[in-house]
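Please read each point alongside the coordinates.

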Amino acid sequence: MPLPALICLALLLAAATPAWAAPSRDRLDRFREIATARLSVVEDMGGALDPASQAEVDAILDGEVLDSLGAGGPFASIEFIRERLEAFSGAWGGASLRVEPLGGGLLAGRFRLSAKGVGNSVRIYGRVNGRPALLRAWQEDGVPEVYPWTAAAGGAELLVIWAGTPTGWGSSPLRLALWRVRDGMVSAMWRSDERYPEGLWVSHAEIRPGRVNLRHEVRYPGWKPGCDVQAEQEDRYRASAGGGLVLVSRQLFNGWHRDLQRSATRFFSAVKSGDRKTVADLAPDAAVRARLPAGLLPEAACDSQNPDTPGTAIVAAAAPLGDGRREPWSLWWGRGPSGWRLTGAAPVLK
């Protein structure tokens, strides 16, 4: 809002602020009490906020928003509502309370009470029978974010993202949903859970109105947590004419590692089952096969590749010694016309 408009708004508020316009002291004090007594405990110890406290916090914050919307005029402005909510964020430093206009008289609230996912919610406010009302609220595991989306005829849309606990190697589990609000009804137009039923671990997300780009892990047999240069995929979505999102392109990064592990996984499975034909196919050199110890198993160590020889890689393995110990081995693989094949094997020198 331009500076002159803000000054005018301030003068209006100073001259005509009703008694309730400052955040209710009773509400603010009660919010602070719950945050100190309950939120701080569950943040430190883990778990969820108890249902009674959660319901009371939600009612307090809903009351602040709905009172402003009901007053109308400058008191229903997004700037005024944000200022009211800032007092609650100040009362509990772990809170981040944000509201975003969606158009058509609709307002989205992204209320983070905890960075650890405790008590967070997303809320949509509008009107029912001409009166301000809460149209929909979500409370899920994780930390939420909201993005006003492309305008919808007779309503509005927003993208809601819930981020889970980071993995520790640069990715986080995400759940995305695109919602449409029309005539007081809220309906899902697209959900990532349906597109990625086994989960979505994202290392980079770019969100703009009408588009979503997600670079995410591709978990496959032989994928190892925390290792570098494993296969990742970038999916690019755009808003579709009928609502929802449509996949417009997909790019694979480090696809060589997925192909390598397809061969390595087949190899270890064939060794375990005694499938000599498959072992011979994947390790065509008889001299290499003769060196392989019985019961060779895959190891959790990361695979390695020399940048100067991109068609080769080393996969870690181990051979049981019969006394509960395992001897580490290195398996050299090379990529040829038939795919990745075992080209060498040796125990790791100590």
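How many bridges join strand 15 to strand 16? The answer is given in point 5.

1. Basis. The model is predicted, so local features need pLDDT of at least 70 and side-chain atom pairs count only at pLDDT 80 or more, whereas totals for chains, interfaces and linings use all residues. Residues are numbered from 1 along each chain as its sequence is written, and side-chain values use heavy atoms, with hydrogens and water left out.

2. Four strands form an open, antiparallel sheet in the order 1-2-3-4. Strand 1 (96–103) and strand 4 (131–138) each have a single partner strand, so one side of each is left without a neighbour in the sheet. Direction ignored, neighbouring strands of this sheet are turned by 25 degrees against each other on average. Strands and helices are DSSP runs numbered from the N terminus (strands: E, at least two residues; helices: H or I, at least four); two strands pair if DSSP finds at least two bridges between them.

3. Strand 1 is joined to strand 2 (residues 106–112) by 7 bridges, in antiparallel fashion. Arginine 98 has arginine 110 in strand 2 as its bridge partner, and proline 101 has leucine 107. The two strands form a hairpin with 2 residues between them, and glycine 104 in the turn has a positive phi of about 65 degrees. Helix 3 (residues 51–71) lies across strands 1, 2, 3 and 4, at about 35 degrees to strand 3. Helix 4 (residues 78–91) packs on the sheet, touching strand 1 and strand 2, and its direction makes about 165 degrees with that of strand 1. Axes are lines fitted to C-alpha atoms, for helices over the stretch in contact, and angles run from 0 to 180 degrees between N-to-C directions.

4. Arginine 123. This residue lies in strand 3 (residues 121–128). Arginine 123 counts as buried because its relative accessibility is 4% (buried: under 20%; 1.4 Å probe, protein chains only). Its side chain makes polar contacts with the side chains of aspartate 62, at 2.7 Å, and serine 121, at 3.3 Å (N or O atoms within 3.5 Å, one able to donate a hydrogen and the other to accept it; residues adjacent in sequence count only if both atoms are side-chain atoms). Not counting residues up to four places away in sequence, arginine 123 touches several residues, including Asp58, Phe111 and Trp138 (heavy atoms within 4.5 Å).

5. Strands 15 and 16. Strand 15 (residues 326–336) and strand 16 run antiparallel and are joined by 8 bridges. The bridge partner of arginine 335 in strand 16 is tryptophan 340.

Note on methods
Buried < 20%, exposed > 50% of the residue type's maximum accessible area, 1.4 Å probe, protein only.
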